[in-house]
Amino acid sequence: MNLRESLQTITRFLIGGALNTGSAFVLYWLLLLVVEYRLAYAISFLAGILLSYLINTRFVFRTQHTLRKIVLFPIVYLITYAIGAWLLELAITRYGIDSRLAPFISICATLPLTYLLTKLVLKRGDNTNNQK
């Protein structure tokens, strides 16, 4: 993959991520009306995994759905969830950041890792790498 293709993929990742993140935030904020922030974060995060898989396979990395990818993809998010939840807890309980805003810290901190792990899972061994 050349630099131009890499930048296009990163741009699609950021656009898809913005759509996914926006959707997850709306769900998180709505859930805060009825449950505490930890449960709201967990539910919105799980919903985001499904949407992210769909966006990343077809739009970002332009690859096919496979059983291997479906099985491995949630592992990316288990890793980023653990890091993000820890950062969320730290931001709220230690630094007093509002629970409605604290997830932004989690997202910013885990974004580069999410990209690298997602690319590894969705593109590794893929024969559709250069197809559009």
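**Entry 1: α3 and α4.** I began with two helices of this predicted model, and I found that the axes of helix α3 (residues 67-94) and helix α4 (residues 103-123) come within 9 Å and cross at roughly 160 degrees. Since angles over 145 degrees count as roughly antiparallel, I noted that α3 and α4 are therefore roughly antiparallel to each other. I also looked up the handedness, and α3 passes α4 in a right-handed crossing. Sorting the residues of the contact between α3 and α4 by class, I recorded 16 nonpolar, 6 polar and 2 charged residues.

**Entry 2: α2 by itself.** Next I turned to helix α2 (residues 37-60), for which I wrote down a span of only 30 Å between its end C-alpha atoms, whereas a straight helix of 24 residues would span 34 Å at 1.5 Å a residue. At the start of α2, I saw that a side-chain oxygen of glutamate 36 lies within 3.1 Å of the backbone nitrogen of arginine 38. Following the chain beyond α2, I came to arginine 62, whose phi is positive, near 50 degrees.

**Entry 3: α2 and α4.** I then asked at what angle the axes of α2 and α4 cross. The answer is roughly 40 degrees, with the axes coming within 12 Å, and that makes α2 oblique to α4. The crossing of α2 and α4 is right-handed. Looking for the residues that meet, I listed Tyr41, Tyr53, Asn56 and Thr57 in α2, and Ser106, Thr118 and Leu122 in α4. By class, I noted that this contact of α2 with α4 has 3 nonpolar and 4 polar residues, and no charged ones.

Key. Residues are numbered from 1 along each chain as its sequence is written. This is a predicted model: local features need pLDDT of at least 70, side-chain atom pairs count only at pLDDT 80 or more; totals for chains, interfaces and linings use all residues. Side-chain values use heavy atoms; hydrogens and water are left out. Axes are lines fitted to C-alpha atoms, for helices over the stretch in contact, and angles run from 0 to 180 degrees between N-to-C directions. Helices (H or I, at least four residues) and strands (E, at least two) are DSSP runs, numbered from the N terminus. Angles under 35 degrees count as roughly parallel, over 145 as roughly antiparallel, 65 to 115 as roughly perpendicular and the rest as oblique. A crossing is left-handed if the near helix is turned anticlockwise from the far one by less than a right angle, and right-handed if clockwise. Ala, Val, Leu, Ile, Met, Phe, Trp, Tyr, Cys and Pro count as nonpolar, Asp, Glu, Lys and Arg as charged, and the others, Gly among them, as polar. The expected span of a helix is 1.5 Å times one less than its number of residues. A polar contact is a pair of N or O atoms within 3.5 Å; within protein, one must be able to donate a hydrogen and the other to accept it, and residues adjacent in sequence count only if both atoms are side-chain atoms. Contact means heavy atoms within 4.5 Å.
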